[in-house]
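Please have a look at the sequence and the structure first.

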Amino acid sequence: MIASVLVDVKHQAVDQQFDYRVPNHLASHIHVGQRVKIPFGPRMISGIVVELKEHSSIATLKDILAILDIEPLYSEEHIKLSETLAKRYIGITMSYLQAMIPNALRMQYQKRIKLLKPKQLPEELKPLFKQRKEIPIDKVQTSLDTINTLINKGVLTIETRYKQKLGIATEEYVFLKKEMPVTGVKQKAILNYLKDHNGILKSTLLNDTQSSSSTLNSLLEKDLISIQSREARRLTESLYQLPDQNIVLSDAQENVYHKVKGLLNTYHIFLLHGITSSGKTEVYIKLAETLLNQKKSVLVLIPEISLTPNLAARFKAKFKDQVVLYHSRLSDGERYDEWRKAKSQEAVIMIGARSAVFAPLNNLGLIIMDEEHSDAYRQDETPKYHAFEVAKHRAEYHQIPILLGSATPSIESYYYAKQKQYTLLELKTRALDSTLPTIDIIDMKEELHQGNTSMFSKKVMSAISKTLIQKKQTLILINRRGHANFVLCRECGKTVRCEECDLSMTYHHHDQTLKCHYCHTKEAVPKVCPHCQSKHIRYMGIGSERVEQELNHAFEEARIIRMDQDTTQQKNAHETILYTFEDQGDILVGTQMISKGLDFKNVSLVVILSADMALNIPDYYAHEEAFQLLMQMAGRSGRRHQQGRVILQSYLPDHPILQYLKNHDYQGFYEHEITSRKTLNMPPFTNVIQITIKHPYKNKTMTKTTEVLRYLRKVSKNETRLIGPITPKVARMQNLYRNQIIIKTNDEAYWVNQLHTLKHSIDFNSYTLSIDYRMTL
């Protein structure tokens, strides 16, 4: 038997299958998707079996040395998916396979020096080895020349060791086997305690009896007790705990439920356009209940980690331990435990962010993508993918539907629904008899003319005061973190810029630092201008940190909480902040992470401080993303039996996007935007593919981009338009210069194949080549 194996080396040169012979003693145990130990050059590494066959074109094959997994880690579905994604994004197949499993399962490699001839070891090295036969290579302080000499003489050798990063966590439990007289006071205490608490956790027993492990060992030797190891789950309990409530759907919700239910065994895409607070979650839960009754599993995707606590609490209230969570803020051990529960079918509903789309759920019955419009579903780092693309592959493989949900669907999704490529489902009214909030737009030019130079209009300050008196809550959106957007020298007019990127650094007041929000470079605030040494430095613009500071000055008695990337670095920070605000907060200041999906029953006022910030981004998708952000934010207000209010500050109050927003007119906005896209021949009327080439030297980046463009012109079809080379708005990032080429085409599949060929036709050594199926200038 022959096994085709992908080796655990993430490099284009070895991104291919290598054939190995399967020894007879392993033949009945080996399966596709298992990890195996293999010789690869001079090393022993791990690999993944992707195919089993009887013959190979290679005459002499090396043997597989061991099977590392009892059960396969990967299904054939996941292996095929990894190959598809690697081809689409010119990526490495192993990178995609590793993205599909938790970090805990990844292999860690370490080079070690092994002692072969102890008697010939020099005196100066003997203290390093002591009684050990091998040591990590990084522990050796002696020069490499000495080590190499000893290796050549056969005294030492270098071997590679590897192990799985984390294993199953266990806890020890103590059981009373029999009673016999003992003399020790602590031994008596333990035996007496076990009479009433048999099978107690070892740490609890030792703590309650004030005993030590040595006392337990004495009782073990006398065969009076036994200790058993059991698996320990590493996930902490959520702060959000809700009672199970019987869900009674409205007529509109019932209609949506039955339309999806009727096609549960068919590959189909539904778009649920439900206004904010219309009860989309209730439909999700009802569908999940139906599928669980059919012994099937459900995958629920959300774009932001901040949405997890609320949604998870709703599902766990209904389905208890059948629900698992999966997102990047869990520890490696917690993600591993949740992943194993899903793979073993102990849990059949997984709720998670982007990476959860690869969940190892068996008998998958439905994929739900809440807030489907969110760009957070796009993975920009290597390995690249979009969760919706992956979801479509998985749904088609299992022949099941995808349910996309949003109050502000993406233009492409809504267009496809209008064209009958998706089925459009609608919830046009709010649940619980609540009404949409009123939206007031404040002209900040008029505020300035009236002498108000504050970041807050008079109407905003008055509304916040009134809301505090009424014991209601306020959300304030400022979609930029930090204290000031940039630091300006008033003497020479220059700004403090990141040395790695072509961007101004943001001032953060709480730790007196400047940070680059692209490459995360951090440095102390300068006392003088780094360009002209002037002391006349000024902090310009506003961010969430400064807004919080100003509100604390204006409303000293209010409990003000801030939620942005800076305040959510710690584990469970999202949940803690949201729970604290809902329980005892007055004002929550935040970036876009507070704009989607959150359900606060006591929020009656939403303030959007600078709508223009979103409207003026030089990006093709700026108007769509601005409308979605502002509409979603407005939807956080008045979600129960109270009239909500939204106040939006702008220097462009008559901007058409803001007028559609004021009237809650998604349909009008869609017609406006789709007309513009048709005129410009942009998606959904064509496909856009963006090629980005990066290199430390500017001229080399341009030269390589030009070479690629010449190649693309040779293979281009008549219907294709090639645009470039383009220098993006951020020309240098993380010390790499960037150039781009845009392909506009109606035949995306053709160009996926051509781009896959491209990486083998042009030498990209020392260059970074990336592909995006969206234009991000």
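The second largest pocket is lined by 48 residues, and those nearest its centre are T281, E282, R314, D599 and R640. Before I go on, this is a predicted model, in which local features need pLDDT of at least 70 and side-chain atom pairs count only at pLDDT 80 or more, while totals for chains, interfaces and linings use all residues. Residues are numbered from 1 along each chain as its sequence is written, and side-chain values use heavy atoms, with hydrogens and water left out.

By a pocket I mean, on a 1 Å grid over the protein atoms alone, an open set of points with protein on both sides within 12 Å along at least five of seven lines, whereas a cavity is a set of points where a 1.4 Å probe fits but cannot get out; lining residues have an atom within 4 Å of a point. The second largest pocket holds about 1,200 Å³ of space, where a volume is the space filled by probe spheres set on the grid points, which are joined across faces, edges and corners. Helices α9 (251-261), α10 (280-293), α11 (308-319) and α18 each supply at least two residues of this lining, and the largest share, 6 residues, comes from α11. The helix and strand names follow DSSP runs, H or I of at least four residues for helices and E of at least two for strands, numbered from the N terminus. By class, the lining of this pocket divides into 19 nonpolar, 14 polar and 15 charged residues, with Ala, Val, Leu, Ile, Met, Phe, Trp, Tyr, Cys and Pro counted as nonpolar, Asp, Glu, Lys and Arg as charged, and the others, Gly among them, as polar.

The largest cavity has about 90 Å³ of space, and its lining includes D8, R35, Y74 and M107. Strand β4 (43-53) and helix α3 (93-99) each give at least two residues to that lining, the largest share, 3 residues, coming from β4; by class there are 6 nonpolar, 3 polar and 3 charged residues. In the second largest cavity there is about 50 Å³ of space, and among the residues lining it are L477, I608 and L630. The lining of this second largest cavity has 8 nonpolar, 2 polar and no charged residues.

Let me finish with some backbone details. Most residues other than glycine have a negative phi, and most peptide bonds are trans. The peptide bond from T382 to P383, however, is cis, with omega near 0°, and P383 sits in the loop between β17 (378-379) and β18 (385-386). Another cis peptide bond joins G724 and P725, with omega about -5°, and P725 is found in strand β33 (residues 721-726). Q210, not a glycine, has a positive phi of about 55°; it lies in the loop between α7 (202-209) and α8 (213-221). Is Q210 buried or exposed? At 57% relative accessibility, Q210 counts as exposed, the cut-offs being under 20% relative accessible area for buried, over 50% for exposed and in between for partly exposed, with a 1.4 Å probe and protein chains only.
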